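Hi,

Here is the structure I promised to pass on to you. Have a look at it first, and then read on for what turned up in it.

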Amino acid sequence: MRATRQGGLVRILRHMAVFAALGGLLTGCFRLDTEEAVRAQLGGWVFLAQTRDFTSRGTCTAAIFDTISGELRASGPLRRVDDLHAGQRLLSQGRAVAFEIPGMTPNMVSEGLMSVNLYEGLGLISSFVGPARACMDASFQADVYLALMSDETVMIYDPASNALVLLHRPSQIAFFLRGNV
């Protein structure tokens, strides 16, 4: 009887090990985004060229794209604003917004939005400092920091998909960040 119990326990432990291994494999294969899906979303907002870097895991996506131009597309679902209050109203409606506020860096826009509406302001920051950082190496993080602090960077935020885009106009580079917060 005791041997039967031990044999049953061994089988249960083996099954648990197999399920744990399969779960680890599935988790390792799961990505938040595909490069094609990100390019499709971002391509509606900016003029994309080649991909410089793309990393997506189960909790984050971080990508760098060259752009053909430092300008935004004139048509499409993206709304451009030059005022924090107008941007906050659109974000509250779930709309994707491009903040083109003269003299303001994306960091300043995010801080200003927290003053207007804490929820939207924190959403912008959490896309960068939250899970998306896990998909960036130190060099990528430094480049994103410089873009966040430049008043020549247009910040796009899409609350529906929790995507943050930083279009650094002089270098014609777009950073795409998403975390599953």
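Of the contacts in the protein chain with a separation of 6 or more, 58% are between residues 24 or more positions apart. Please keep in mind that this is a predicted model. The protein chain has 181 residues, and buried ones make up 43% of them. Six helices and seven strands are present, and along the sequence they follow the pattern α-α-β-β-β-α-β-α-α-α-β-β-β.

Seven strands form an open sheet in the order 1-2-7-6-5-4-3, and the pairing is mixed. Strand 1 (46-56) and strand 3 (79-81) are the edge strands, each pairing on one side only. On average, neighbouring strands of this sheet are turned by 20° against each other, with direction ignored. Inside the sheet, six bridges join strand 6 and strand 7 in the antiparallel sense. Ala 163 has Arg 178 of strand 7 standing opposite.

Two helices meet the sheet. Helix 3 packs on it and touches strand 3, strand 4 and strand 5; the direction of helix 3 makes about 160° with that of strand 4. Helix 4, in turn, lies across strand 4, strand 5 and strand 6, and runs at about 45° to strand 5.

How do these two helices sit against each other? The axes of helix 3 (residues 84-92) and helix 4 (residues 106-116) come within 10 Å and cross at roughly 70°. Angles of 65 to 115 degrees count as roughly perpendicular, so helix 3 is roughly perpendicular to helix 4. On the helix 3 side, the contact is made by Leu 84, His 85, Gln 88 and Leu 91, and on the helix 4 side by Val 109, Gly 112, Leu 113 and Val 116. Sorted by class, this contact has five nonpolar residues, three polar ones and no charged ones.

Val 109 turns up again in the largest nonpolar core, which has 28 residues; Val 109 is among those with the most contacts inside it, along with Phe 99, Phe 140, Val 144, Phe 175 and Leu 177. At least two residues of this core come from each of strand 2 (60-72), helix 3, strand 4 (97-99), helix 4, helix 6 (138-148), strand 5 (153-158), strand 6 (163-168) and strand 7 (173-179). There is also a second, separate core of 19 residues, with Trp 45, Leu 48, Phe 54 and Leu 78 among them.

Pro 77 lies in the loop between strand 2 and strand 3. Is Pro 77 buried or exposed? Its relative accessibility is 54%, so Pro 77 counts as exposed, the cut-off being over 50%. Even so, leaving aside neighbours within four places in sequence, Pro 77 is in contact with Trp 45, Arg 95 and Ala 96. The C-alpha atom of Pro 77 is separated by 7.8 Å from that of Gly 44, 33 residues apart along the chain.

Finally, the backbone angles of two other loop residues. Asn 162, in the loop between strand 5 and strand 6, has a positive phi of about 55° although it is not a glycine. Asn 162 counts as buried because its relative accessibility is 11%, where buried means under 20%. Gln 172, in the loop between strand 6 and strand 7, is not a glycine either and has a positive phi of about 55°. With 30% relative accessibility, Gln 172 counts as partly exposed.

Best wishes

Key
Residues numbered from 1 in each chain as written. Predicted model: local features only at pLDDT ≥ 70, side-chain atom pairs only at ≥ 80, totals over all residues. Heavy atoms only, no water. Axes fitted to C-alpha atoms, helices over the stretch in contact; angles between N-to-C directions. Helix = DSSP H or I, 4+ residues; strand = E, 2+ residues; numbered from the N terminus. Parallel < 35°, antiparallel > 145°, perpendicular 65-115°, else oblique. Contact = heavy atoms within 4.5 Å. Nonpolar A, V, L, I, M, F, W, Y, C, P; charged D, E, K, R; others polar. Core = buried A, V, L, I, M, F, W, Y, C linked by side-chain atoms within 4.5 Å. Buried < 20%, exposed > 50% of the residue type's maximum accessible area, 1.4 Å probe, protein only. Pairing = 2+ DSSP bridges.
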